[in-house]
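My notes are below, in the order I looked things up.

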Amino acid sequence: MPEQPKHIVLKAKGLVDGTGAPMSSNVAILITDGVIQEIGNELEVISPPGAEEIDLGDKTLMPGMVDAHMHFFGLGTDRPFGGLPTETHIYRALRTAGEARKMLEAGITAVRCLGSGHIGPSLKRAIEDKHVPGPRMVTAGHFISSTAGTFDHISMPLDWVKADDMLADGVEGVRAMVRRRIRQGADVIKVGLSRSGVAGDGYQAWGEDPLNQIASYSLEEIQALTQEAHRNKLKVSAHCIGDEAVRVALKAGVDTIEHGYGISDDTRKMMVDHNALVVSTICQLHFHVIGAARFDYPEWARTLFQKHIEVMRSDFEKSLAAGVRYVLGTDLIGYPTHPQELAAKEFELAVEWGMEPMQAIVAGTQGGAETMSMDNVIGTIEAGKWADIIGVTGSPVKDITTLQSVDFVMQGGQVVRNSVNN
């Protein structure tokens with residue numbers, strides 16, 4: 001006898017559907033086998049026989065949040081980034097399983113994990129196979145970096161770093177690396193495209209001065225990398241700080257610009273002309289700045305992060321005004337300094353820096369889904385899409401901070417958390 005479809009009717013006082021449409025009132029959503037079938041007034045949507053009804057009362061429903069840039073490193077952030085090659089994969093994998101669960105319970109139902117070594121693809125597989133709960137994932141596997149480039153662990157012997165299979169140089173080298181990333185299980189390619197332009201800089205990947213960056217790959221290399229990724233139907237995400245790197249990325253056809261600040265007005269116009277997607281990553285710097293004293297950052301690091309956040313904010317405000325398309329991503333990497341389940345803070349910071357609340361909501365739901373190439377199935381509450389839905393108290397359009405206290409989480413029609421009816 002065939003299994004009967006599972007129907008759920010979800011009711012709430014308000015709905016913000018993620019498309020940018022005005023908030024609706026007194027809504028009901030019919031969900032069948034995890035897919036949204038109908039959305040309408042609670043008096044109009046008819047419950048099929050045997051349907052489960054979940055009435056969230058005065059809550060507001062919204063699409064699950066999408067963090068378009070984060071990392072499941074599985075490494076404590078009180079340890080240096082250089083610890084990645086030396087920590088065991090078993091520990092890192094177990095740690096990320098716990099981090100993934102916390103993210104999902106906080107209402108982040110999908111993420112792009114933009115660099116994590118072997119951990120990301122394995123965690124994605126475990127989530128999809130329902131061994132551990134977590135967000136839907138698009139994952140880059142390992143970074144791709146030039147020798148002495150963005151993510152090269154330059155304090156370690158070169159042979160050690162090469163053994164980690166992250167470094168690629170030259171047109172044929174980057175093509176081969178894209179293929180190895182695909183073999184690793186990546187479904188997006190993450191490349192480091194900027195680095196400090198000062199020898200001996202204390203923080204090579206970001207640089208002590210965001211206005212003194214160089215491109216770590218040539219245009220020809222990035223064109224080859226992007227062509228190889230696109231031929232295999234994968235998008236390319238590029239770490240870009242500074243004019244030179246952003247311009248190389250745009251000319252090469254990179255799909256998303258990560259960070260995208262430290263730039264000139266001419267480069268800003270180029271981003272608009274290319275209709276580029278730029279991922280915000282405000283939280284990364286915000287949590288460094290507010291945690292500097294608590295975690296005893298050295299003075300050079302405090303100065304570095306303060307300088308970066310000032311330039312990032314200035315360029316974010318200018319770019320918004322110029323019409324640059326932003327999506328929301330946090331670049332959070334874990335405890336203790338950067339807990340990934342605090343990703344909703346990005347919405348608040350984006351609004352503080354000039355976005356309208358509805359604009360931020362769209363950027364952190366529909367926009368994030370677009371970066372994942374999943375906007376046909378997630379990112380908005382519309383008929384035919386998967387039921388990834390959260391519920392909050394009050395209106396996020398009036399108070400964006402409500403997203404930091406999620407009361408209800410559903411993923412694919414399965415209730416993950418319900419503090420309303422418990």
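These entries go from a helix pair to the salt bridges.

**Ground rules.** I'm working with a predicted model, where local features need pLDDT of at least 70, side-chain atom pairs count only at pLDDT 80 or more, and totals for chains, interfaces and linings use all residues. Residues are numbered from 1 along each chain as its sequence is written, and side-chain values use heavy atoms, with hydrogens and water left out.

**Entry 1: two helices crossing.** I looked up helix H8 (residues 282–291) and helix H10 (residues 345–352), whose axes come within 9 Å and cross at roughly 95°. That makes H8 roughly perpendicular to H10. For my own reference, angles of 65 to 115 degrees count as roughly perpendicular, under 35 as roughly parallel, over 145 as roughly antiparallel, and the rest as oblique. Axes here are lines fitted to C-alpha atoms, for helices over the stretch in contact, with angles running from 0 to 180 degrees between N-to-C directions. Helices are DSSP runs (H or I, at least four residues), numbered from the N terminus.

Which residues meet there? From H8 I noted Ile 282, Cys 283, His 286 and Phe 287, and from H10 Lys 345, Glu 346, Leu 349 and Ala 350. Contact means heavy atoms within 4.5 Å. I sorted the residues of this contact into five nonpolar, one polar and two charged. In that sorting, Ala, Val, Leu, Ile, Met, Phe, Trp, Tyr, Cys and Pro are nonpolar, Asp, Glu, Lys and Arg are charged, and the others, Gly among them, are polar.

**Entry 2: counting salt bridges.** How many salt bridges does the whole structure have? The search finds 21, each being a side-chain nitrogen of Lys or Arg within 4 Å of a carboxyl oxygen of Asp or Glu.

**Entry 3: helix H1.** Arg 95 bridges to Glu 99, with the closest N and O atoms 3.3 Å apart. The two sit four residues apart in H1 (residues 89–105), so about one helical turn separates them. Glu 99 is buried at 4% relative accessibility; buried means under 20%, exposed over 50%, partly exposed in between (1.4 Å probe, protein chains only).

Glu 105 and Arg 101 also form a salt bridge (3.3 Å, N to O), and they too lie four residues apart in H1. Glu 105 is partly exposed at 31%, and Arg 101 is partly exposed at 34%.

**Entry 4: helix H7.** Arg 268 pairs with Asp 265 at 3.0 Å between the closest N and O atoms. Both lie in H7 (residues 265–273), three residues apart. Is Arg 268 buried or exposed? I have Arg 268 as buried, at 3%, while Asp 265 is exposed at 55%. Elsewhere, shared partners join Arg 175, Arg 179, Glu 228 and Arg 231 into one salt-bridge network.
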